[in-house]
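Student: I would like to go through this model feature by feature. Please give the general idea each time, then the case at hand.

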Amino acid sequence: MDAWRIAWFTVLCATGATLIVLPPAVVIAWLLARRTFPGRAVVETIVSLPLVMPPVATGLILLMLLSRRGPIGRVLERFGIDVVFTWKAVVLAMALMGLPLLVRTALAGFEQVNVRYERVAATLGASPARIFLTISLPLAWPSVLAGAVLAFARGLGEFGATIVVAGSIPGATRTLAVAIYGYTETGRDSDALVLLLISVAIAFAALWSAHRLVERRPA
Amino acid sequence: MEPAWSVALISLRHVRTLVAIPLALWIAAAQGLPAPKPITVSAAVSLTDALTAVAEAYGREGLGSVRLNFGASNVLARQIVAGAPVDVFISADEAQMDVVAAAGMLKEGTRVAIVHNQLAIVVPTDRPRTFRGISDLTNPAIKRIAIGDPAAVPAGVYAKQYLEKEGLWDAVSARIVPAGSVRAALTAVESGAADAAIVYRTDARIALRATVAWVVPFDRGPRIVYPAAVVRTTALPTESARFLDFVRGAAAARIFERFGFR
Amino acid sequence: MIDVDIELVQGSFTLAARIRIDSAAAALFGPSGAGKTTILDAIAGLRTPRSGSIVVDGRVLFSSKDRINLPPQQRRVGYVPQDVALFPHMNVRRNLLYGRHPGLSPDLDRVVGMLEIDRLLDRRVTDLSGGERQRVALGRALMSGPSLLLLDEPLAAVDVPLRRRILPYLLRVRDHLRVPIVYVSHDREEVEALADVVVRLDAGRVVGVDTPGTRLMP
């Protein structure tokens with residue numbers, strides 16, 4: 001039984017996905033919180049899409065973009081990079097599904113930061129980038145972190161998009177959620193139960209820490 | 001109370017260590033992947049155990065290495081049509097193989113039937129009964145009959161076909177509970193939510209709290225076939241054909257039989 | 001010399017003000033909603049007027065005619081908002097040094113000595129009293145080497161005894177650092193002690209300018 005290997009692989013992928021999605025999500029959240037620009041509503045909608053679309057549909061879109069015949073996959077193939085049916089696809093699916101949660105939580109965090117701090121920093125000569133890094137981000141950090149934990153937890157449980165774009169290849173792309181599905185479909189209920197308990201434990205730890213961080217956020 | 005910013009800074013430090021270790025291990029793991037290129041076989045999830053054993057035997061004989069991808073046949077078919085890098089497709093039914101064929105994604109002349117399955121009627125182990133035939137389903141004591149959803153699940157399609165052929169569909173259709181998969185139908189019986197289910201014989205074999213009441217004989221029931229074919233876009237046509245040959249061979253047949261297929 | 005001549009629309013509120021100040025400390029005086037803070041914001045570059053110009057000591061900060069609109073970073077204006085807005089995640093020292101500008105900033109020791117906040121440098125700003133926060137915010141603005149200091153109700157948030165203690169610090173800034181001050185107030189006592197020009201505003205218009213000699217206030 002390679003339950004621990006599957007759990008470890010899933011945690012690694014979810015961690016990688018969270019790290020990949022963190023910088024763009026934080027920038028998007030900040031832009032949505034502080035700037036008005038043309039196409040704002042479009043950006044907001046696109047970012048939320050993975051939340052409202054069936055995960056299988058998200059997976060199919062990823063698959064069509066990244067397969068060897070797809071517009072992105074064709075370019076990547078030229079550099080010898082295969083994404084579909086590899087751990088990279090797992091990470092990507094998790095990242096995409098976590099994006100809306102991270103953006104929304106971080107957005108709420110940035111909105112809570114008093115604009116006055118940023119304005120005063122500007123009058124003190126700080127560039128927009130410096131204001132973002134020294135004022136906005138540190139003050140919104142608890143929310144950003146809570147969002148990251150949520151995205152991580154979402155990645156742990158990701159099934160629909162993962163099984164489509166990464167498949168269920170034992171030892172290569174099998175995550176906890178995908179393996180649980182596989183085990184129940186083949187009648188290995190006790191194996192599924194072990195993975196289920198591991199998932200519950202990891203998810204509980206992740207969500208508990210998110211909850212604590214949100215609670216400690218300044219009012 | 002500790003001010004929030006100090007919590008934030010502590011957390012930032014934690015994140016750094018939390019991230020550095022898995023990342024290093026991850027990179028190490030990625031570089032340790034095996035070098036020779038295996039063929040990728042997408043197979044119906046119900047074949048998981050049997051095909052894993054077949055692929056192991058294939059590797060033991062030094063014929064090549066196989067990467068197995070298991071899923072619901074309709075998902076696997078959609079993956080192939082969308083351009084997923086699959087070399088061999090083994091479907092749980094002809095319909096999903098037809099979907100791939102219609103998209104022009106099968107290599108001509110490679111489509112073969114590899115294993116057969118049978119329908120079986122299962123009942124809860126704590127309420128065992130033996131059927132003399134399919135018409136026993138009309139027994140009023142059987143209030144709920146779980147089958148795979150005939151609109152989507154191959155096992156459900158077969159079950160409905162068979163009931164119609166035997167002229168029983170109208171008599172029992174009010175008691176039919178469609179389930180999302182053949183496993184879900186089996187679980188309905190195991191949990192006692194249904195009094196009987198029509199599932200594959202292979203599923204009935206491994207059920208813990210359901211027993212087989214009757215197996216539909218080969219000559220009476222629907223022809224249940226797992227078709228296989230090489231995908232047209234494969235980069236490894238020779239290796240793919242070699243694996244298909246092996247799957248149809250005598251050694252593989254013995255393994256499939258061990259898992260209840262014929 | 002501060003020359004502000006702007007028209008600024010903000011929802012249903014329209015500010016149309018022409019103000020020339022040539023003194024060490026000028027007060028913008030009037031009831032709330034008169035547009036006092038809006039003028040400070042416009043000078044600091046935090047709100048953009050629809051038209052007009054803002055010139056400080058011959059430097060054009062804003063001119064709709066010449067399409068000049070310096071960002072706040074380049075205006076060299078020290079701004080202390082009403083709630084002082086000390087950065088809560090930094091200690092006093094880091095707040096003071098945030099806007100430090102080599103070549104422009106005064107000596108830190110001199111500023112903290114003058115404001116008597118030298119003992120607070122390593123304290124968290126969340127632990128400071130109201131008067132201490134005012135002085136640190138003042139110090140932070142001064143440390144950016146401003147050519148003009150904008151104070152929004154510098155004494156409104158503190159009680160009367162504290163007010164009497166902070167006022168001398170403002171006088172020191174005015175007289176020793178020689179940074180001109182424009183500040184918003186609706187407190188007569190404060191205005192009389194500090195300002196040598198009082199610009200009276202009401203409903204977005206200048207309704208009078210008082211100098212010590214012609215003071216019209218009762």
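Student: Why is α7(A) largely enclosed by the rest of the structure?

Tutor: A residue is buried if 20 or more other C-beta atoms, placed from the backbone, lie within 10 Å of its own, exposed if 12 or fewer, and partly exposed in between. In α7(A), 23 of the 30 residues are buried, so this helix is largely enclosed. The model is predicted: local features need pLDDT of at least 70 and side-chain atom pairs count only at pLDDT 80 or more, while totals for chains, interfaces and linings use all residues. Residues are numbered from 1 along each chain as its sequence is written, and chains are lettered from A and ligands numbered from 1 in the order in which they are written.

Student: How are helices and strands assigned, and where does α7(A) bend?

Tutor: They are DSSP runs, helices being H or I of at least four residues and strands E of at least two, numbered from the N terminus. A bend is the angle between axes fitted to the seven residues ending at a residue and the seven starting there. α7(A) bends by about 60° at A:Trp141, with a proline, A:Pro142, following within four residues.

Student: What is the distance between the end C-alpha atoms of α7(A)?

Tutor: The expected span of a helix is 1.5 Å times one less than its number of residues. For the 30 residues of α7(A) a straight helix would reach 44 Å, but the end C-alpha atoms are only 37 Å apart.

Student: Which residues touch the most other members of the largest nonpolar core?

Tutor: A nonpolar core is a set of buried Ala, Val, Leu, Ile, Met, Phe, Trp, Tyr and Cys residues joined through C-beta atoms within 7 Å. In the largest one, of 187 residues, they are A:Ala93 and A:Leu102. Helix α5 (residues 87-112) of chain A gives the largest share of this core, 17 residues.

Student: What is A:Leu102 in contact with, beyond its neighbours within four places in sequence?

Tutor: Contact requires C-beta atoms, placed from the backbone, within 7 Å. The partners of A:Leu102 include A:Val21, A:Leu22, A:Gly147 and A:Leu150.

Student: How many residues of chain A are in contact with chain B?

Tutor: 34 residues of chain A meet 31 of chain B. Among the elements giving two or more residues to chain A's side are α1 (3-34), α7 (128-157) and α10 (189-216).

Student: What does chain B contain by way of secondary structure?

Tutor: Chain B has ten helices and ten strands. Of its 262 residues, 45% are buried.

Note on methods. Two residues are in contact if their C-beta atoms, placed from the backbone, lie within 7 Å.
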